[in-house]
Amino acid sequence: MSAVDTAARSGRAPSRLASGKVARTETKRAKTVTPRHKRASVTLGILMTLMLLYCLVPLWWLVVNSTKTMDSLYNSFAFWFSGEFALFQNIVDTFTYKDGIFLRWLGNTLVYVVVGAGGATLLATLAGYGLAKYNFPGRKWVFAIILGAMAIPASALAVPQFLLFSGLGLTNTPWSVIIPSMVSAFGLYLVWVYAREAIPDELLEAARLDGAGEIRIFFVIALRQLAPALITVLMFTVVATWNNYFLPLIMLSDAQWYPLPVGLAQWAAQSSAIGGQAVPNLVITGSLLTVIPISAAFLYLQRYWQSGLTAGSVK
Amino acid sequence: MTVAHVHAQPPAGVSTETYATVATTGTASKGGRRRRARRDWAGWWFVGPFMLIFGLVFVAPLLYAMYLSLFRETLMGGNSFVGLENYAKAMVDPKFWEAMLRVSIFLLVQVPIMLGLALFAALALDSARLRWVPFYRLSIFLPYAVPGVVAVMIWGYMYGSQFGLVADINRFFGVELPSPLAENFILLSIGNIVTWEFVGYNMLIFFSALKAVPQDLYEAAEIDGAGTFRTIFSIKLPSIRGAMVIATIFSVIGSFQLFNEPSILQTIAPNSITTYFTPNLYAFNLSFAGSQFNYAAAIAIVSGVITMVVAYLVQLAGEKNETKS
């Protein structure tokens, strides 16, 4: 994988960056050994633009419709702005509806993400490193169990988890959402694959000869080497926890513990309930407010995916 | 299921330096299987915390669910041991098998389309014949970050007859299109939402793998005069087979465990989505609406086992192709 990394960084990454300036550097490139840049294909451009539109149009719809009043929501073209620009009013309404429960949900989601995804990343990094760099009794078993667990999706476990947590009296508490979020078998796998080659054994041996303890070696030496894998795991666990729906839906019955997705789904369902008040403008604006922070975090963290996940998908 | 996949790797993954060190210190067995000279309990300091939570979140619920599935709630409120009766009931439960059939159809149609689109996009990004690659890559990847709930609600509104795409088309052309939320189309509509959510994710898995293909392979192909398509089929696709198998397995699991999309669409299309639309929805409704925890546990276990078997078959098929070529 170190070879992969080197290839990704030195070989291809610069040529990718250059693709935007094909014309300017044309003559230069003709002499160098990068034969992979050819004339841009119009057909390919059109097909990829169609795909891009498919991916972005629903988000465009979300942005446009969160600026509309309830009235123009029903009576205007869905993909363009219309009527009064009501975005700020909608945001105020979203935060004040039902005594400001939306803010409470936002706070819950943040706590679940920080403790759940943060914990998952820490545990997966520790364990992945331990599996890659130590030979300990029971190691084979740990492997077999974890790899087996990767085949079991979180959603299949949700009902059994509910049954157990309910038996332990943990349901309807934040712990019932946080504890299951703290395990990422896939994250552990990524770190393990990465650690195997990113951390030379000689480095650890040298540190041991200098008298450093195992824990200290991890925090002072290994953690730095593992940073790309760690951030990749963080990205996946943050997205998964922020977007988690099934688990909190079944674990929590009290709306004050809901994370955003469960709360929004409840607002959306409200309109179809008998006697319920339809609040599509709040659902739409609330959705936009839910999407923005996670997209920002995601776009920021995804740069590190390159080196981190290449390893996981190739091996 | 990934067991076989990974076990095939370790010898290749161990660098020659490691072998050299181990050989010179002379503490490793000759078999070469043991990669580290040190064998003590220190590793548990690192693995222990994960395993503790893992036990509570994965192992214990599975064992508890297995235990529950062997009982039946009696009218008195207690549980009585019934052996495998719940499983026997599941085997002939038409609702369960209808749900299984539905997710199988979904799997056979949606997964190939989504992975095909993802592969096309990845090859396009990697082709060097597309400009603004980072822009396309990020935009197509972005829906992955959108919470599933929000994705379903956006598409649900757009499907709807009140303020969506379908409504606008109907109004503009004065036609009455069949509603995407009608019973006949709902599975297709769900497939579209799932494709939208995950096409970028799969694209990036393929793209990362393509970037790891050694440059000299392309140079050799170019010298041999191989064209674009020849390069794709002879070099690129074989090189990323591992990534394709992994993406397929994840998608298979996702299809069998379909829950979020139908569960949220249910509120706006109650007539099209039954309480047993997918196996997961069925287990959920059994435990929460029906309080049949024991039977729900059995259903969850059976559908989990079927998922694992199918995922394992995909894995085997992937390896079989590998030995052939």
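## Exercises on a predicted two-chain model

Of the 325 residues of chain B, 44% count as buried (20 or more other C-beta atoms, placed from the backbone, within 10 Å of a residue's own). The model is predicted: local features need pLDDT of at least 70, side-chain atom pairs count only at pLDDT 80 or more, and totals for chains, interfaces and linings use all residues. Residues are numbered from 1 along each chain as its sequence is written, and chains are lettered from A in the order in which they are written.

**Exercise 1.** Describe how α6(B) and α13(B) cross.

*Solution.* First, the axes (lines fitted to C-alpha atoms over the stretch in contact) of α6(B), residues 94-126, and α13(B), residues 241-256, come within 9 Å and cross at roughly 145°. Next, the residues in contact (C-beta atoms within 7 Å) include B:F106 and B:M114 of α6(B) and B:T248 and B:V252 of α13(B).

**Exercise 2.** Identify the residues with the most contacts inside the largest nonpolar core.

*Solution.* A nonpolar core joins buried Ala, Val, Leu, Ile, Met, Phe, Trp, Tyr and Cys residues through C-beta atoms within 7 Å. The largest has 178 residues, and A:V191, B:A122, B:M203, B:F206 and B:I299 have the most contacts inside it. Helix α10 of chain B, residues 186-211, supplies the largest share, 16 residues.

Methods:
Axes fitted to C-alpha atoms, helices over the stretch in contact; angles between N-to-C directions. Helix = DSSP H or I, 4+ residues; strand = E, 2+ residues; numbered from the N terminus. Contact = placed C-beta atoms within 7 Å. Buried ≥ 20, exposed ≤ 12 C-beta atoms within 10 Å, placed from the backbone.
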